[in-house]
Every structure is written in C-alpha cells, then in structure tokens.
Amino acid sequence: MALWVDKYRPKALEELDYHLEMAQSLKNLVKSEDFPHLLVYGPSGAGKRTRISCILRELYGSGVDRVRIQKQVFETPSKKKIEISTYSSNYHIEVNPSDVGIQDRVVIQELIKTVAETHPLDQHPFKVIVLQEVDRLSKDAQDALRRTMEKYISSCRLILCALSTSRVTPAIQSRCLPIRVAAPSDTQIVRGLQNVSKKEGITLPLKLADRIAEASQGNLRRAILMLEACRAERYPFAEDQNLVQPDWEKYLKETALLIVHEQTPERLLQVRENIYELLCHCIPTDLIFKGLLKELVRNCDNQLKAEICSEAATCQWRATRGNKPIFHIEEFIAKFMAIYKRFIEQAAMIDDDME
Amino acid sequence: MADQEADEQAHKRIRLEDDDIVYIDLGDDDGEPFPVQSRPPRRIRRTKDTNDVNKEFHGGSSSSKVIPSTSGTPPSTKPKIGYGTGDGKKVSQIQKLQAAARMETNNKTSQKDILLRKGKKIKGCTWVDRNLPSNLDELFVHKKKVEEVTSWMKATMSSNRAVRSSKICVVTGPSGAGKTATVFLAAKELGLEIKEWVNPMSLTDYNADRLGKFDPDDIKVESQFDIFTNFLFRASQYSTIPIKGRTQSKHKLIIVEDFPNLFYKNSSQFHNNILKPFASLSVFPVIFIIADSASRERNVNNLFPKSLIQELNIGYISFNSVATSFMVKFMTTICSKEGVDADKSVLEAIANASGGDLRCAVNTLQFKFTPADSPLESPNFKAFKAPLGKKIKCPPLKDAHKFSDVEKDNTLFIFRALGKILYSKRNVLQNVELNNDVPESAEKYLRHNPLEDDPQCVIEKMEVSADTFINFLQQNYTPFFGSMDDVVLASEFLADSEFLLSRWPFDASGTASRSYKELESREEIALLIASRGLMYCNVHKTKNQWRPLNKPMLTDARVRIQKSCEIAKQIFPHEGAIQMNFYSEVIPFYSKLIRKHSSIWMQDQREFIMKLGIIERKKQPRVQHSLSEKDATEDANDDQSQEVDELEDIVEQNENEKIQIDQPTIGAQYEEDLEEYEIEDYSDEEKT
Amino acid sequence: MDAWMKTGKLGKPTPGMGGANGKDKNKNNKRNYPVPWVEKYRPRSITDVVQQEEVVAVLDKILQGADLPNLLFYGPPGTGKTSTILAAARQLFGDGYKDRILELNASDERGISVIREKVKKFSQQTASATLPDGRPCPPFKLIILDEADAMTNPAQSALRRTMEKETKSTRFCLLCNYLSRIIPPITSRCSKFRFKPLKDDMVMERLQKICAEEGVKFESGVLKALIKTSEGDLRRAITALQSCHRLKGPDHILRISDVDEMSGMIPAEWIERFFKSVQSGNYDKVDGVVEDMAKNGLPAAKLLDQFFHFVLTNDELTDGQKAKIFQKISECNHRLMDGGSEYLQLLDLATFTMMVLK
C-alpha cells in the first residue's frame, strides 16, 4: 500500500493530465534524432520530476523503473571523501549534487565522467543524468557542468531540474532546451483531486476540493497529500472540514502572533527559541522568512509594508551568505518589532490628539 | 638515559649559579659542560632569571640526546635566543618579554628537576620554584582531581587485569592549574619512574643562519614524528637499564607534555599511527598533559577527540583553574615565608589578574615584592609597581601591553569577556566637554562617557574563537537591553559580524580565497564589530544586576539539524537526498497520515516522521536561569571579575551541577563541535 | 544590468569544441546527430560575413598576400567574430585549415600552464608555405583564443611572452566581448577590430534564408520577436529557432509564444500585470501577482531584466522615479544572484516601486 501521491503518479507522457501541449512537444523531442540537454524548471509540486520520469520512460521503456539506491563515494583533490546517494537504473542516474555543499563541483565532474565512460545498454545512443536543484549549485560547479556538457555530449544527456533559472548561468541555459513547468491551475488541481478520489472510490465534495486546491498554492503534490490527510482525519468529508496543514506553518503563525503582540527584548528572546525550534525541524530559512513576512505585514499600512519587505529581502539575502541564519532572522524580527512599535505608538498618539 | 640527562642538567645549573658569566652552548652533545676549544663561548649579560639559561641548556642537551644524527655535524654557534652584546636596553626588553613568555616552561623544568633530584639544594630561583609543593597535601588542587590522578595511576599499576584501565591518560586544564605538579607528585608518591618526552630542536633551526655552509645531504634528517614514535614505543616496552646506585622502579610512567608540532596539524596520523597501536602494545602507561590554550589547533579535542577517548578507553582528567580564595591563601603563606608584608587586597588583585594561574600569580607577587636593589628591579619593571596598589584590570589602550607580561596572557575566560562586553560599563565623567566638531544632528550618536573596558583589549585577551564568542554574545545580549531600538542596532551589528565571518566563496577577482591571513583579519573585524557594536548601542540599559549567561542554543540546534539530516538520508534514502521540500512539506504531511498508514513506514521512519513533522509546544518559556539565584541580588557595581570568581567558586563547589558555565571545557567542547561542522556547510543542512 | 547575460557564449555546442579535431569527433561518434544550424550556416568565406566591412577589407588584403598581424576582435556576442576568423582561415589554408589552427575557448581549461604547454607545442610545429595541393599559402599557423576576456590576468601575461616568442610561425587571434578586460600589453600587440551589433534587417535576412532551407513554417511576426529576444545576437536567434523547430516538430507552425517560451522570456502581458498591480498601490494585489509568477515558473531574474526595459521606456514615469527604481532593481538583482529568495526580492522591488509611484 502506498500513499496516493505515489500511487497515482502518472508513469507515461500520455497519462499526464495537464500541460498537454508540452507533453506532446516532449514526445516529439524523444522521437527526434537529436535529443538535447534539458533544463526543466518550475515551482515545486508542479510536476517536474513526474515529467522527467515520463520522458525517461518514453526514451527507454519500463526498464527505467527498476531503480536502485546507491551511495557513491568521490574523492576531492584534497583527498577528502564525499559521499552522495544516487538513484539509478541501467539507463539513467539521478543525483542532487548540491547535497554535498561546496564540494558539488567534484561530484559533477566525477559523476558525469564515470557515467559517460560506461557504454549505454541496448543500442541506446546515450545515458541520461538527472541533476536536481541545479540552481543551488556553486559557480564552480556550474562552470564545471558547462564544460562537461560539451565534452561528453556524445554519450550522455543531462536533464537539469531547478526551481527557477534565475541562478543558472546563461552559459548553461543556452546549452539546454528550456522546459518551463508551470504549476497547475486551481481547476486542474481540482480535476486531479477528483481523479484520485474516483480511483479510491471516495466522494469528494466540490467545495472541499476547491478549498484544498486553494490552500495548496498550486502544488499538486501538496494537494493530494492534503486530501489524504483530510481523509485520514475525517471521512465522509464535510465541506467545511478542517484542512490539514503542516504543523510548522501553524507554529510559525503562532510565532508571528507573539511578535505582533509584544515588542520587547524579552519577547525577542522567546521568539528566538521558537525560531530555533523551526530550524531544528529542518525548515528552510527562506520559508521561515516568507511565512513570517506574510503574517507580519497583515496589520501594517503600505509605507510600513514596503519598509518591512525591504528588511526581509535584505536579511534573507544575508542569511544565505552567512552560516547562521538565526542571526539574520533575529535581525529581521528585531527590525520589525521596532518599526511596528513606532507605528503603534504613533497611531496611539494620533488617537490621543483626535480626542 | 633520563637519569643521566638530569644529572647533567643539575650539574650545569650549579655551575651557572655560581658564576656571573654565563656561557651558552647549545650543541652540547658529548655531555661536557664547556667544550670551549671548538667554539668561542659568548659572553652575555647575567640575567636575573637564571632559569632562562637553564632552559637553553636543557633544550640543547636533550636535543642532542634524542637526535642521534646531530653528532656528526658541528653544533650551532648561535644561541637560539638573541642574547647579544648589543644595545643593552633593547636586550633587556627582549629578555623581559622572553622571560615572561617562557616562564611557564622554565618552571616546569625546575619542578621536574626538583622532583627527580631530591635533596639537591636549589637557591636563588623564583618563588615559584622555592615554594613548590613537595607532596600531594601541599597542592592547591581540588582533592577530587588529585584523587582521580592517583587512582588512575594505581589502576595502571595493578596486576589484576580486570582492574587495569587503559594505558593512556589525558590531563587537561588551564595553565597554572597544577596539572604537572599533581602528576609528578602523584607519581613520586606511588614510586613510579618517570620518563619524559622533550621536543628535540629541529635541525633546520640550527642551520638557519649558516645556510651557505650547510649541506643538507650530510645530515640524515629524522622526522620528529619518527623520533617521537620511537621514543614512545621504546620507552613503553622496555624497562630502564639499571644504573648503579639507583633503585630500580618496577613501574614506569611516560609523560608527554611537549607535543611535536606535527600532531597539531595532522592529528589523524597521531591517532592512527601512535595512539591506537600504543593502546594495545604498551606495557607502561603514558600521560599526556595538555594546557588549554587559545590556539585552536592545539585543542585537546583535536588531539583527543571524544570518539577516540571512548574507543581506546583513554582516561580523561580535566583540571579547573585554581580558585581565587585558594590562591590568596597560598600567596599569604609565601609572603610569610619570604618575609614580605602584603596587603590582602593586593593579593586578591594579583589573583584576579592571573586568571586562575597560580604560577603566574606567584611570579607577579615576586616582581612586586622583590627589594629595589635586587637585579630584578630594572627600570623596565618599575612600571608594574604603580598599578598594583589599585585593582588590576584591563587597562585602557596604550598601557595594556605593559601588563601583558605580568598578567597571564589569554586570561579572559569567555564568560568574563562576555561580561565586559555585555555590561558595557562606562566611567561617568563629571564635566563633559562637548565636542563642537559634531553637527547637532549627529549629537545623539555621541557617547560622552568613556567605556570602562576597551573592547579591543578584551578581544585580544580572549581565548575562544571569534565564531564562538559571537555566538555567545548573540545568545546573551537581549537581557541587557532596555529598549527595542537599541536591540535593533545590536542585532544588526551581530548580523554584520556573522556575515563577515561566514564563508566568502569568492573574492573580487572571482577566485576562491581562503588565505589564512585574510581570515584572521576578518575574524578580528567581525569580533570588533560585534563587541563594539553591542557596547555602543546599549544606551537604555536594563538595571545593572547580575545575570546568568547561557551557552548558545545554536550549537545544540546545529547538532540536531545535522543528526536529522543524516538520519533522513539513511532511512529515507531516496526522498531524503533528492526530494525537494522534504522537510517542509513531505514529512509534515506524513506525520498527519501516520496513524492511518502506519504500515507504510518502518518503526524508525515513523519515529523520525513524528519527531520532525510535529513541533512540540512548550507551555512556558524555557528556564533561562542556569545558575542558582544566589547571586542575583549581588551588587553589580562590584568589579566584574568578582562575579567571575564567584561563579568559579560556585562551580568548584557544585561540580555535579548540570550547567557549568565557567568550565573552560564548555568553550573547548563547543569549538570541537564547530570544527566538526565547519567541514559541512551549514546552509546545506537546511535543504529541503 | 544585463551585462552578465551577454558574457556567456550562447549557442548549443560551441563551434569547434575542443580544438581542431572537434568536429571529426562529432562525425565519428554521432552519426545521427545533425549539425547545429549555427554550424551549418556559418559563413564559408569572408565575403559572406554580414556587415563587418572594416574587418572584411583587411582580411581581404591578407588573402591577397599581405602579412597577417595578430588580431583582436571584440564586440557583443553573436556578431560574427568566430565566423569571420574561421572563414578567413578556410580561405587562407584551404580545406586543410583545421590542421593549421588551434582553437581554445573558455570552456577548456585555460590556465597559465595550458597557455604555455598547448600553445607552445602547437606553435613549434613548422608550417610549410605550400598546401598539400601545391597551392601557396602563408607559412604560419593560427591560434584562436575565444572568450579571451575570461582569461585570468596571469594567464594573459603569460600569453604576452608567448606571443612575442612565436611570431615567426604563429599568429594569434583573440576574440572577446569586452576590450577593457584584456591587459594593455596584449592589446598593443594586436590589430583591434570592433564588431558592430548586427542590424535587425540583416539578421532577418539570414533567418529567412535558414527557414526557407530548413522548411520551418512560422506565423508572421515570429522572426521579429525572435530578433527582439535575441538582442542582435545572430547565434542566439538561430539556436532558438532550431530549438523551437525541434521541440514542436517539423510540421508545427511557429508562434510568438513558442519563441518567448524558448528564449525564457516572460511574456509582455506579465510585465504589464506586474506594473499595474504596483500602480494600484494595493499590497495584496502585488503579493498575488508575485505569487502567481512564481507558480508559473517565471524566473525572477528575467522579470527584473524585462521590468528594467519596461521602466526605461515608460513615458509615464519621471526620470527621478526611474532612477530610484533602477537602483532598487540592481540591488534586488544582486541579492537574487547571490542566493536571495525570489519571492522576497520581487516583493521588495514591488513595494518599493509602489512607494516611489505614490
């Protein structure tokens, strides 16, 4: 028994239920003689990986489904061993090089080299290397990637997967065929949810489906997970039933409330503990920033909002440069507190004047 | 061999003390005190600290013993230290600095000599030497620690296999805490024969100034590593050849206090090639004595990581610095012995300034109270006299260096430095002169009252890394601030310093820059920004009162995050490594589904999902006060060092209490943790 | 701000990869792999080169027997620098020209050691004054350093020595985008030629020719859009055209949206929407649009780029407002490139612009 997300994941290009035109294009591409390198990008949960696995299946048949998980060990020039998990079949290999941090360049070079030097099976002219999160690769690694792309084009193709092309160097972009996978629209998500329900034999009220679709923010994986979680919580469904949300999001909201209610150094300390708690649950810093910002700006006027957005953007950027996100998150919270406090005090003064 | 060596040294020492002229000869390889013919001896000014010279001899002779290959070459004609005949003033300054720097090591030497050669009369040396404890009862070391050391030694001697513990023991602690004395005295008491490793002088050092004549091929350079290995294994395997007239001890103890520098750089070699084989092969036990120091490479944790200690079952004894009260008591005894009359407040001040280093304190005491006509009282030392009447504290700016020789270096424990920064005390000036150069609009940025402690000075004396210190600052700054606006500035300064400290992948030219020097200066700047920033912007201070200081939560958090990521990669091999938003999306929903679909996941997976998917709500804010409330009401206007001492004493008394803020090991351990994670990129651990 | 966009070489496999025998390798290993159009439609003789009269005139003289100086071509990407020198080489050395040239581009390791070793080795081979077929030709070899401005300064210094030493047997041709990044000792040793950006009608002419030969069908206006998105870079235009053709299948009639998609451009209506929401002064609207763009996978970097052009050409805004917005754009772009979150950076820009417009 598997989760619905995995159970009903489309396996072939024909089974995809949205972005149909793109599916057709991808089919053309697979049929054509020269399959290029691909750069698949789009928000998370839009179906990038599903599409990639469909392409692989279209290229190689069901053989790609027999995958194994391996740990590969590479050695850096300074003799440091780095280990990375790969996910591979006879025809392809999937890896997330940014997993190893600043050593990603070594992984890129060595991995592509080893793959490219082994001969592909069964008359297939090339093997496919799927690289996840290329937008998080270091500059070094991207340069290395560009070189290897050219060098080994005869025996392997790359499928790069990224959230956005913003941080992929133009040199790589220009060497790949860009495939933008937009998130499904709400109606597409609703249709997807209904399909799943039908196959599971449960009845899903349209209103609930709408609500789930809206709450999922264009993330189909999340929508289906949510549907199943809702089902686990209560079935038969009620239209107005409580939507299951990740716990950390609730926690973040509670934390934001703490901030809005009181702006003192003591409160800052208390909030810091909450933030630590979130970080310890491996919640990415940028999501914390985004979530906090969304909650905090609610009660502010436009001027304030602009100010706060600017602070958030700056602090978040610095957090990505630094090693200790807590410093920067705290800076942001402190700044918000000060701005907000001033705002409240001014408002109070104006009220007094009015009276 | 050791005995012979000691004999020689003592011999020389006596010659030296009787003569005004001191000959320095380093290449004393044949054991003859003055091989005058081959090399004209140099005449040097007699220094007040004869131990200095002793040290030279000690080093020289021992090196010639350990490095067999030196015998073939003419030993250096150049004394290692520049006791030249040049400008007297300059020389004496150099001497002064060197004397202070080496005081520690000298004293160790003499200690050992005394212990080994009981009955020899030693005169005219420092008070430290004269007042060395001669048995364990005289030691000013916590009884429990002494007990630990002796019991370990006993255990190694025991013939009962079951009782016998590991052959290796590590003794750590701040310098001057009595580690060496304890070990030597304990060994003496138990009748162990001591064999000590002394670093050989390197060959290249010898020939540095005569490169022209030096042919490297002539000399077979044996690496320090090999020498050390040989020494250790030979010493541990075979008993000493009996020498007539000496009673042969059945048990032998090897002591390593001087570590070959190589090991700091390459600790894994040390672990794998020396410690591990040694643990299984050795007949005699070995004790490693390591002083805590500011330098990170010399960290205990680098040489003896926890995993290794566990693996080899290494004994680990950690000394605390001597409490102030003990020190004062000890100094009072000395004073009465030496016939000086010292005020108690002066003794306290000295004790405070020494930062828990008893040896340093006694040396200071001697400088202070030596009669004016003694050779010690050169013009350079007069400077020390004046301030001793007052409290010794970190003096403002320019005078700082004058004390650095007397006050122990690196004496500021982390929490004490923290106190200085966080309280950011200012001297209140009575008649403030307004600076007219500052435009009116900027006046609010002026701080008229000068800071009591110069942050630069605090930083220079601190013994932890910039990273650690900034973490501590960040953890503890909020309670000291009374206004949100100040906190904003403070948090900004802290973030700035963190930003500066973090890895900079590319410099301007786009190439990776990891030069050590650049890192150094960046660390310093980061520290300055953080500490000056905090001191500057704390305008609306909270009530001046004693506050507990906490360990940064960051350390803990990092460990948790890293662990989680590792587990995730193991038990969710596919998703954990490749799936995006694994922690922020997948796991949270799994945790909601777990009741219904428990069969999908294995037990460990289920635990992991519950642990990471659900955030536990704490009813109350976590308890912040880490120490007893006893001191909370203490008058905060007292000198901070007072608080520090109080803290120390508390910890000393309640060693079993869970949180021991002033344990230097906290800092050290923390650094170890950091070191582990420096390898991994922190931001990467956060990936989804 | 879009300078960095141009620094990288565009176009699928960069021409002549890995030196002179790169193409032979291609032929052997990939029987089925068709030649990229960029290669296929590269000019064969210098007279085919579009628009760069000055260079063509000089090269023409050389072809007639004058001595060849060291050359330095600079100008924006896709203006024909590589094509020109390759065509000239072909005419100089005939079909065997590949043995006479060494092509190094930034994709190869090009540290000092490479400069020394490879270049030295190559320049030490003697070149005869006659071709295998007996025709006379200049007795030297040609080293083409593509993307010379990507070389480090030490490497450039090393090159200077080599250039001096090997003048007898070897000529250098350096290609770069920015002259300022070449150290003066090198520029002074070369004849410099500036390659002007191609005029739109020239590009159009080429594209039409290619479309006709390859049988690409397109709606009207597609080529114009293509030229616009490729910003005068002929190679980029041709590559994009080929990619479209390949992705959509041979029978597909190309539309403007295809071109936008392929070039990664954000459709103009999105920029409009973004600006309108900002103008409205409603934070929630702005937030919605920013979220929507993220959902659609539109890269923030592209938006910043296009929004910059949008603001630049918008007559409703005063110069002061524009200046402020530009500053914010550059700031956001920097932070974005450095790893900042797309959402936060765009929101910062939007709210800031909102305040500016108020």
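Two strands pair if DSSP finds at least two bridges between them, and strands themselves are DSSP runs (E, at least two residues), numbered from the N terminus, as are helices (H or I, at least four). Everything shown comes from a predicted model, where local features need pLDDT of at least 70 and side-chain atom pairs count only at pLDDT 80 or more, while totals for chains, interfaces and linings use all residues. Residues are numbered from 1 along each chain as its sequence is written.

**View 1. Strand S5(B) and its partners.** S5(B) pairs with strand S6 (residues 286-291) of chain B in the parallel sense, over three bridges. Look here for B:Val256, which stands opposite B:Phe288 in S6(B). Strand S4 (residues 193-197) of chain B also pairs with S5(B) in the parallel sense, over five bridges, and B:Glu193 stands opposite B:Lys252.

**View 2. Both faces of S5(B) are covered.** On one side sit B:Lys252, B:Ile254 and B:Val256, on the other B:Leu253 and B:Ile255, all buried; buried means under 20% relative accessible area (1.4 Å probe, protein chains only). Because five of its five residues are buried, S5(B) (residues 252-256) is largely enclosed by the rest of the structure.

**View 3. Where chain B meets chain A.** The contact (heavy atoms within 4.5 Å) takes 73 residues from chain B and 78 residues from chain A.

**View 4. A salt bridge across the interface.** B:Glu492 forms a salt bridge with A:Lys335, with the closest N and O atoms 3.6 Å apart. The rule (a side-chain nitrogen of Lys or Arg within 4 Å of a carboxyl oxygen of Asp or Glu) finds five salt bridges between chain B and chain A.

Notes:
Chains lettered and ligands numbered in written order. Heavy atoms only, no water. Buried < 20%, exposed > 50% of the residue type's maximum accessible area, 1.4 Å probe, protein only.
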